[in-house]
Amino acid sequence: MSPSITVRVPAKVNVQLAVGGRRADGYHGLATVFFAVGLYDEVTVAPADRLSVTVEGTDAQHVPADPSNLAARAAALLAARHGIEPSVRLHIAKDVPVAGGMAGGSADAAAALVGCDALWGIGSSPAELAALAAELGSDVPFALLGGVALGEGRGELLTPVPVSGSFHWVFAVADGGLSTPAVYTECDRLRSLRGGAGEDDVPAPAADPALLAALRDGDAVALGAALGNDLQAAALGLRPSLAATLRAGSDAGAIGSLVSGSGPTCAFLAKGAEDAASVAGALAASGTCREVRVTEGPVSGATVVG
Ligand code: C5P
C-alpha cells in the first residue's frame, strides 16, 4: 500500500466583514474577523503517476474533479515552486457547504498544501505555506491558521485574535450557492446607487472594538450584537429568500444572525448548546433552508489527522 496523508480543515464564518471600496485590481480592502467552526472537509493525498482529484459527499457533483479545483492548483503551485512533478492523487471528502460562503474550496486548497508538503517531505515553514496560500485565494491563509483572526488587505494578511471559551453556532445551508465575485459586484452596484463604490467613496474598513472585546471576554450576547457583514445586503439582493431564513433563526431565539461571507449560508449564534439545538430545530421546521448544522468554535486550522 502506498503511503497517504489525510488533512482535516475547517470552514469559516466571518463574524465581521467590513468591505472597503473597490481597488484598482478589482479586489476590495477588508477588515474581516475570520472564525473557524467545526464543520470540516478532509483531503487525502497519495503518490500517483499524475495529478488527479476525486470528490465525495453531498454536493460533490458541484465540485470540479479536474485541474481547475483549487486543491489541485495548490498541489501544482507547491510542486512548481520546488521544481518537482505534482504526482499526487487528491481525494476530498466534503462536508463544508459548497459555494456557501464558508470557504470550503479555500479550505481544501489549504489542506492540499499541508498534505503535499508532508508527502513530498518539503518541510515548508508556516510563513512559506501562508505565502503560497495567499497566491491561491484571499481566504486560503486563514484555513491554514484557524482559530479567530483579523484579516486585512484582501483578507490574506492575518493577525490572530484572542478568544475566551467556545461559541455555539447554527448554520442554515441554502439550496444552491452564490458566486463570490457576483456578490461583490452587487455590493458595488448598490454602493454606486448611493454615491460611489470606489476607495475614495467608501470609508476605510476597520475592526470593531466591541466585537474584539466580546471575543476576548467570551461574551456570546455581546458577540451576537456586534456581528456584521457588509456583503449581506448584496447577498439578500441576489437571494431575497434569505431574509426569511434570517428571521426564522432570530424568531427561534438566536442571539445574533448574519449571512456567512458572501452567502448564501446563514449563521446563527446561540447562548449555549441547548439554545443551539432549539434554534436548529426551529430552522429545520421553518422550511427556509435545505439543511441545518450545529457546531462550536473556534477550532484549529488545517491539521494532519492520519
Ligand atoms: O481571492 P479569491 O480568489 O478567493 O476571491 C474571489 C473573488 O472575490 C475575487 O475575484 C473578487 O471578485 C472577490 N473578492 C474581492 N475582494 C476581496 C476578496 C475577494 O473583491 N477582498
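I started at the ligand and asked which elements surround it. β2 (28-47) and α5 (180-193) each supply at least two residues of the shell around the ligand. I note that this is a predicted model.

Next I checked which element gives the largest share of the shell. It is α5, with three residues.

I then listed the residues around the ligand. They are Gly26, Tyr27, His28, Leu30, Gly137, Ser138, Arg154, Thr180, Pro181 and Tyr184.

I looked up how the ligand sits relative to the domains. Domain 1 (5-162) and domain 2 (167-297) both give residues to the shell, so the ligand lies between them. I also checked the pockets. The ligand sits in the largest pocket.

I went through the polar atoms one by one. For His28, a polar side-chain atom lies 2.6 Å from an oxygen atom of the ligand. For Ser138, I found a polar side-chain atom 2.5 Å from a ligand oxygen atom.

Taken alone, the ligand exposes 460 Å². The protein buries 75% of that.

**Backbone checks**

I turned to the peptide bonds. Where did I find cis bonds? One runs from Gly263 to Pro264, with omega near 5 degrees. I placed Pro264 in the loop between β9 (256-259) and β10 (266-270).

Another cis bond runs from Gly297 to Pro298, with omega near 10 degrees. I placed Pro298 in the loop between β11 (291-297) and β12 (303-304).

What is the phi of Ala99 near? I read a value near 50 degrees, which is positive in a residue other than glycine. I located Ala99 in the loop between β4 (88-93) and α2 (104-119).

**Recap for my own use**

The ligand lies between domain 1 and domain 2. His28 and Ser138 each bring a polar side-chain atom to a ligand oxygen atom.

Methods:
Residues are numbered from 1 along each chain as its sequence is written. This is a predicted model: local features need pLDDT of at least 70, side-chain atom pairs count only at pLDDT 80 or more; totals for chains, interfaces and linings use all residues. Side-chain values use heavy atoms; hydrogens and water are left out. A residue is near a molecule or strand if one of its heavy atoms lies within 4 Å of it. A polar contact is a pair of N or O atoms within 3.5 Å; within protein, one must be able to donate a hydrogen and the other to accept it, and residues adjacent in sequence count only if both atoms are side-chain atoms. Accessible areas come from the Shrake-Rupley method with a 1.4 Å probe; for residues, only the protein chains shown count as cover. On a 1 Å grid over the protein atoms alone, a cavity is a set of points where a 1.4 Å probe fits but cannot get out, and a pocket is an open set with protein on both sides within 12 Å along at least five of seven lines; lining residues have an atom within 4 Å of a point. A molecule sits in a cavity or pocket if more than half of its atoms lie within 2 Å of its grid points. Helices (H or I, at least four residues) and strands (E, at least two) are DSSP runs, numbered from the N terminus. Domain bounds come from an automatic or database domain assignment.
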